[in-house]
Amino acid sequence: MPHIFKRFHMALSDVLSELAEEGALPAGLDPAKVTVEPPRDASHGDISTNVGMVLSKPAGMKPRGLATLVGDRMRTLPALGIVNLSIDGPGFLNFRLAPSMWQGELATGLRAGLAYGDSHVGQGVRVNVEYVSANPTGPMHVGHCRGAVVGDVLASLLAKAGFDVVREYYINDAGAQVDVLARSAYHRYREALGDDMGAVPVGLYPGDYLVPLGQNLAQQYGDIWREADEAVWLETIRRDAIAAMLVLIKEDLAALGVRHDLFSSERAMVESGAVEASLAALEARGLIYVGVLEPPKGKTPDEWEPRPQTLFRATEFGDDVDRPLKKSDGSWTYFANDIAYHYDKAIGNPDRAGANILINIFGADHGGYVKRMVAAVKALTDGKVSLDIKLCQLVNLLDKGVPVKMSKRAGNFVTLREVVDEVGANAVRFIMLTRKNDVSLDFDFAKVQEQSKDNPVFYVQYAHARATSVMRNAVDSLSHDQLSPEHLANSSLNRLTDETELGLMRTLASWPRLVEAAAEAHEPHRIAFYLGEVAAGFHALWNKGRDEASLRFILPDDPDLTVARLALVQGVKSVIASGLAILGVKPVEEMR
RNA sequence: GCACCCGUAGCUCAGCUGGAUAGAGCGCUGCCCUCCGAAGGCAGAGGCCAGGGGUUCGAAUCCCUUCGGGUGCGCCA
């Protein structure tokens with residue numbers, strides 16, 4: 001069954017067509033723009049709709065008149081449980097619902113368990129989410145952390161909303177940096193052979209993580225390359241080095257709990273001829289030409305000189321300038337390869353299902369790249385496939401409020417692994433979603449491990465632990481069977497009438513709606529914020545029970561009400577667990 | 001010079017794709033443990049949503065513009 005707000009929206013649509021058939025309203029009123037949502041201020045009721053304002057013009061009626069007409073008809077539908085309605089402000093139609101509606105929704109949630117909030121809004125829509133895509137030149141560092149979590153959680157969120165999701169990692173194994181990797185590995189290989197190589201030359205990767213690779217190469221190939229020219233060993237060592245780096249990266253991802261369905265290789269794609277194929281598609285649309293670009297104003301590069309280039313007409317699709325596809329040596333630019341890659345993901349590869357929506361998670365330093373890529377996808381798919389690029393801002397590492405010093409030159413940059421080992425994947429994942437992706441966020445080692453409400457991870461986990469604790473205590477007086485979700489769902493939920501209880505039930509009931517909205521907006525952080533709200537509501541109810549004994553969960557002289565209260569506690573526990581599941585965070589049973 | 005992101009309480013940030021009297025945490029002030037976990041909760045003070053124009057029934061949200069911060073700007077990926 002659809003969630004409560006959707007049921008109201010459907011009923012509202014039906015009422016509109018009914019009234020149109022009766023001639024009370026013109027035909028063809030579009031309910032799509034009408035919102036049905038909880039009002040910000042609870043004093044306005046339980047459910048609010050702007051139907052009066054949005055449709056007043058096409059209906060040829062005043063907002064309040066239209067709202068009254070629609071509201072009176074909806075009130076006659078018993079399934080909606082409307083006990084009162086009012087027309088407020090400029091024409092809001094506000095409904096007050098019978099408590100049984102919220103109690104019923106709680107029962108629905110209990111029966112669904114972790115599946116509560118699952119939705120079909122994404123049914124039949126294929127989404128490709130590309131995230132991490134760190135260069136395969138070494139282990140991951142903290143900078144990769146945020147994008148990895150945001151992408152992973154967004155993918156889970158979309159899956160919960162019913163989208164058909166592919167999680168993808170793009171291996172940048174075709175550029176100059178993997179040649180540098182190969183040379184760096186060769187240096188370690190010679191060291192492993194016992195040759196005195198001196199310090200790692202500037203320009204190569206100095207990290208110790210290449211030492212074991214050098215030893216493996218020495219062991220596997222012996223000294224066959226000791227005196228050999230680079231051309232002889234480059235390809236083999238590069239291949240082996242990339243494979244070794246991917247092993248490191250996959251270990252790091254696993255430690256963070258991030259997974260991908262697909263690792264696709266840039267090199268393999270290029271070698272398959274995909275670049276030529278995608279550019280042919282652009283060529284066929286007349287979108288490629290040879291021309292000369294203007295130098296950027298105010299910041300002319302030193303070596304700038306006018307030069308004819310092969311260009312893509314990105315300006316026809318909203319970009320600021322047309323973009324080059326070929327380097328001066330004749331090879332493809334990164335952009336050309338990326339065009340091919342996106343074409344591949346969307347419609348150009350018969351071996352893929354083809355995505356309707358492409359999502360990329362990038363660092364904010366790639367902001368300048370967004371317009372041209374969106375333009376390319378629009379051009380290649382004739383606007384049928386959308387590309388949404390989420391840019392993640394920096395994470396500031398702190399310890400007790402003091403910035404953690406990092407210097408890549410000194411080699412003491414912080415790895416992803418160090419952070420995960422220090423505070424745990426659960427805390428890292430949660431904190432990464434406590435900000436919208438496009439604002440920078442502070443990550444304080446001390447704070448994320450603190451056991452206080454300063455720490456949002458703790459605050460939510462504590463609520464879950466408290467709920468678990470109540471259920472544990474209840475076992476003393478009740479059987480496990482009495483505490484089963486089905487039994488709880490069938491309990492006397494109509495006895496849950498305190499305003500704090502009803503408020504918490506309303507919050508829980510908005511979970512399915514929140515999942516859909518967050519998924520459609522591609523905003524996973526909303527899950528974390530919502531869980532904070534649920535936790536706050538539960539903590540408040542808990543403390544109210546300290547002040548008023550009649551509101552305590554376990555009441556020895558009223559087993560009937562006790563079971564109903566436990567149903568609410570279980571509902572809280574279940575929704576928190578359901579939300580944490582999307583975040584990939586393990587709910588804790590007790591704090592230690 | 002141009003593009004993109006950000007600017008909301010003293011601080012850190014939400015604000016449900018345009019809704020009603022703009023919210024939360026920290027900090028500040030004052031309360032709540034004989035009681036299911038006080039590792040919590042309640043109440044109060046605190047705002048020209050950076051400034052200015054516009055769009056409409058209605059703007060923190062959309063458009064233009066100014067200011068401030070960040071990121072980027074042909075052969076790096």
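User: What do the side chains of R323 and D319 do?

Analyst: They meet in a salt bridge, with N and O 2.8 Å apart. Keep in mind that this is a predicted model.

User: Are R323 and D319 buried or exposed?

Analyst: R323 counts as buried because its relative accessibility is 13%, and the cut-off for buried is under 20%. D319 counts as buried too, at 6% relative accessibility.

User: Which residues are joined into one network by salt bridges that share partners?

Analyst: That network is made of R190, D195, D223 and R226. Within it, R190 and D195 form a salt bridge whose closest N and O atoms are 2.6 Å apart, and both R190 and D195 are buried.

User: How many salt bridges turn up in the whole structure?

Analyst: A search of the whole structure finds 33. Another of interest is D152 with R429, where the closest N and O atoms are 2.8 Å apart. D152 sits in helix 5 (residues 145-160) and R429 in helix 14 (residues 425-432), so this pair ties together parts that are 277 residues apart in sequence. Both D152 and R429 are buried.

User: Nice. What else does R429 lead us to?

Analyst: R429 is among the residues touched by L583, along with V153, F430, L433, I527, A528 and L531, leaving out residues up to four places away in sequence.

User: Switching topic: what's the story with D444, and which opposite charge is nearest?

Analyst: D444 lies in strand 15 (residues 441-444). D444 is buried yet has no salt bridge, and the nearest side chain of opposite charge, K447, is 6.2 Å away. Not counting residues up to four places away in sequence, D444 touches L398, D399, K400 and G401.

User: Last one, the strands. Which way do strand 3 and strand 4 run?

Analyst: Strand 3 (residues 82-88) and strand 4 run antiparallel, joined by six bridges; I82 has L97 as its bridge partner in strand 4. The two strands form a hairpin with three residues between them, and G89 in the turn has a positive phi of about 55°. Strand 4 (residues 92-97) also runs antiparallel to strand 2 (residues 47-49), with three bridges joining them. There, the bridge partner of S48 is N94.

Terms used:
Residues are numbered from 1 along each chain as its sequence is written. Chains are lettered from A and ligands numbered from 1 in the order in which they are written. This is a predicted model: local features need pLDDT of at least 70, side-chain atom pairs count only at pLDDT 80 or more; totals for chains, interfaces and linings use all residues. Side-chain values use heavy atoms; hydrogens and water are left out. Contact means heavy atoms within 4.5 Å. Helices (H or I, at least four residues) and strands (E, at least two) are DSSP runs, numbered from the N terminus. Buried means under 20% relative accessible area, exposed over 50%, partly exposed in between (1.4 Å probe, protein chains only). Lys and Arg count as positive and Asp and Glu as negative; His and the chain ends are not counted. A salt bridge is a side-chain nitrogen of Lys or Arg within 4 Å of a carboxyl oxygen of Asp or Glu. Two strands pair if DSSP finds at least two bridges between them.
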